[in-house]
Amino acid sequence: MCKSFRVSVVFSGLVIVVLALSQVAFAGVAMQTTEPAANPEGNKSTSPKAKKKKKKKESAASIVVFGTYSPQATTAQPVAPVVDTVSGNADFVPPATAPAKRTVRSAKTPSAQILPVNDPPANVAATTLVISEFRVRGPNGANDEFIEIFNGTGADHTVAGGGTGYAVAASNGVARCVIPNGTVIPNKGHYLCVNSVGYSLASYPAGNGTTATGDATYTTDIPDNAGIAIFNTSVPADFTLANRFDAVGSTSEANTLYKEGTGYPALTPFSIDYAFYRDNCGKNGSITTFGPCPAGGLVQDSNNNAADFVFVDTNGTSAGAGQRLGAPGPENLSSPIERNASFAVNLLDICVAAASPPNRVRDFTSDPANNSTFGTLDIRRTVVNNTGGNVTRLRFRVIDITTFPAPSGIADLRPRTSTAVVVTVDRPPCGSGTSNVTVQGTTLEQPPSQPNGGGFNSSMSAGVVTLATPIANGASVDVRFLLGIQQTGSFKFYLNVEALP
Ligand SMILES: [Ca+2]
Ligand SMILES: [Ca+2]
Ligand SMILES: [Ca+2]
């Protein structure tokens, strides 16, 4: 019985290898998978009934690659995730063609059906300078604030505003920061404006040896739920719609100049480690929506704050704007930049199925102290530098994940720090002998302190890549992503690649 199952798995593995090869070469990094329940033998029930149906289940126990993403024709395309779905107790079978609304049907196990309940927001990539993340309160109180600006223009941008630069103002019409004329914000780079009275995330990692300190500072509190806008001028009299790049405010903000659409849901003002960040997956932060990220990793701006911003905090608090475990990730001029299109992310061992060791290892050892009550998932990939030059800093940002508070049937995953492990791989030519490789650990970047593990918008750094030990163009690094499991079920895990230079 066991034997016949293994044969089936091997066959499935061959299928995945073929499919994966057609996609992996163009991949950013993303994984969507379903995972068996805690029982290691999970789907291999020994009940007579199950035994009777065994043959059919085996043939269904395959690894399926969603067909939504096709290989890119050029390197200009954003993230093209590796997407793999493996059966545990259930098979999630994709439609034969790319789904219009990314519907994932559970054709074979209706009881475990997963269907996106919400239509994803309109997917519109930012094309100007936008406010990409912010908060107006934090653990350090009302002044624990930051406003992160993202350059979505598609090119490096030199600030050239009216007066002395671009103002970032709150809805009382008073500028908090001015980005000085002449400042160059790299393509997809950031500029960070912080309230120096209370900002508590200055130690969050940024570039090589640098942290997320403010590029500019201010000292005047922004009230809870007040709107913020960025203008192409520093002259207050010119803070008008015509001069506005972008805005974000809550439903309780009366001044429509300082929000887009009806605004994000107003928050109960808890002094927690929270942030609103711009969706770069395209599912509005949904924990239960499966399928590839429609936004492809790109920062979204549909000019509707409610659709574009995702609320996260490090405790999964319910504060009025959605509840999901995650972390603030303030980025400044020195921070790594999203470069999905310049990396290939391959299976650690392309001779083996994506869901099988050494590409994915399921450890059932309970470790509640490390947010791994039901063990861990360890996902290994080979990241290839195709940037054309040395890469001196490499990290990965979680843009989609199943995590707290996942409903029953959906896995609650907690990204955590891992260390290097030596792993035996086959690698091409497949079946002609094995070798050992070192798979580097990744570090869940803190602060913000993430005692519950990471979540949406958390970043995981490959600390082995440094100025002194860069990855040369064409070279690669083997990395692992360790995910604690607090609840078993179907899961997804999507990452953006961020790098320097
Ligand atoms: Ca405040
Ligand atoms: Ca906008
Ligand atoms: Ca950020």
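Two strands count as paired here if DSSP finds at least two bridges between them. Strands themselves are DSSP runs of E, at least two residues long, while helices are runs of H or I of at least four, and both are numbered from the N terminus. With that settled, 8 bridges join strand β20 (residues 393-401) to β28, and the two run antiparallel.

Some housekeeping before going on. This is a predicted model, where local features need pLDDT of at least 70 and side-chain atom pairs count only at pLDDT 80 or more, while totals for chains, interfaces and linings use all residues. Residues are numbered from 1 along each chain as its sequence is written, with chains lettered from A and ligands numbered from 1 in the order in which they are written.

pLDDT is the predictor's confidence in each residue, from 0 to 100. The protein averages 81 on that scale, and 76% of the residues score at least 70. Residues 1-120 are another matter: pLDDT stays under 50 there. For that stretch the model has 228 contacts beyond four places in sequence, a contact being two residues whose C-beta atoms, placed from the backbone, lie within 7 Å.

| Residue | Bridge partner in β28 |
|---|---|
| Ile-337 | Ala-499 |
| Asp-400 | Tyr-494 |
| Ile-410 | Ser-490 |

**Two open sheets**

One open sheet has 6 strands in the order β11-β10-β5-β4-β14-β15, and its pairing is mixed. Its edge strands are β11 (216-218) and β15 (309-313), each of which pairs on one side only. From one strand to the next the twist averages 20°, where axes are lines fitted to C-alpha atoms (for helices over the stretch in contact) and angles run from 0 to 180 degrees between N-to-C directions. Within this sheet, β5 (residues 146-151) and β10 (residues 190-195) pair in the antiparallel sense over 5 bridges. Phe-146 stands opposite Val-194 in β10.

Another open sheet has 4 strands, ordered β8-β7-β12-β13, with antiparallel pairing. At its edges stand β8 (175-180) and β13 (244-248), each with a single partner strand, so one side of each is left without a neighbour in the sheet. The twist averages 15° from one strand to the next. Inside the sheet, β7 (residues 165-170) and β12 pair in the antiparallel sense over 4 bridges, with Ala-170 opposite Ile-228 in β12.

Ile-230 is also worth a look, since this residue of β12 is buried, with 26 other C-beta atoms within 10 Å. Leaving aside neighbours within four places in sequence, Ile-230 is in contact with Leu-129, Ile-131, Ile-149, Tyr-166, Val-168, Phe-245 and Asp-246. Ile-149 sits 81 residues away along the chain, yet the C-alpha atoms of Ile-230 and Ile-149 are separated by 8.6 Å. As a general point, side chains in a regular strand alternate between the two faces of the sheet.

Now for the loops. A cis peptide bond joins Pro-357 and Pro-358, with omega about 5°. Pro-358 belongs to the loop between β17 (343-347) and β18 (360-363). Gln-446 and Pro-447 are likewise joined by a cis peptide bond, with omega about -5°; Pro-447 is found in the loop between β25 (443-444) and β26 (459-461).

Then there are two asparagines with positive phi. Asn-225, in the loop between β11 and β12 (228-231), has a phi near 70°, a positive value in a residue other than glycine. Asn-225 is buried, with 23 other C-beta atoms within 10 Å. Asn-371 lies in the loop between β18 and β19 (376-385) and has a positive phi of about 55° although it is not a glycine. Asn-371 is buried too, with 23 other C-beta atoms within 10 Å.

Note on methods. Buried ≥ 20, exposed ≤ 12 C-beta atoms within 10 Å, placed from the backbone.
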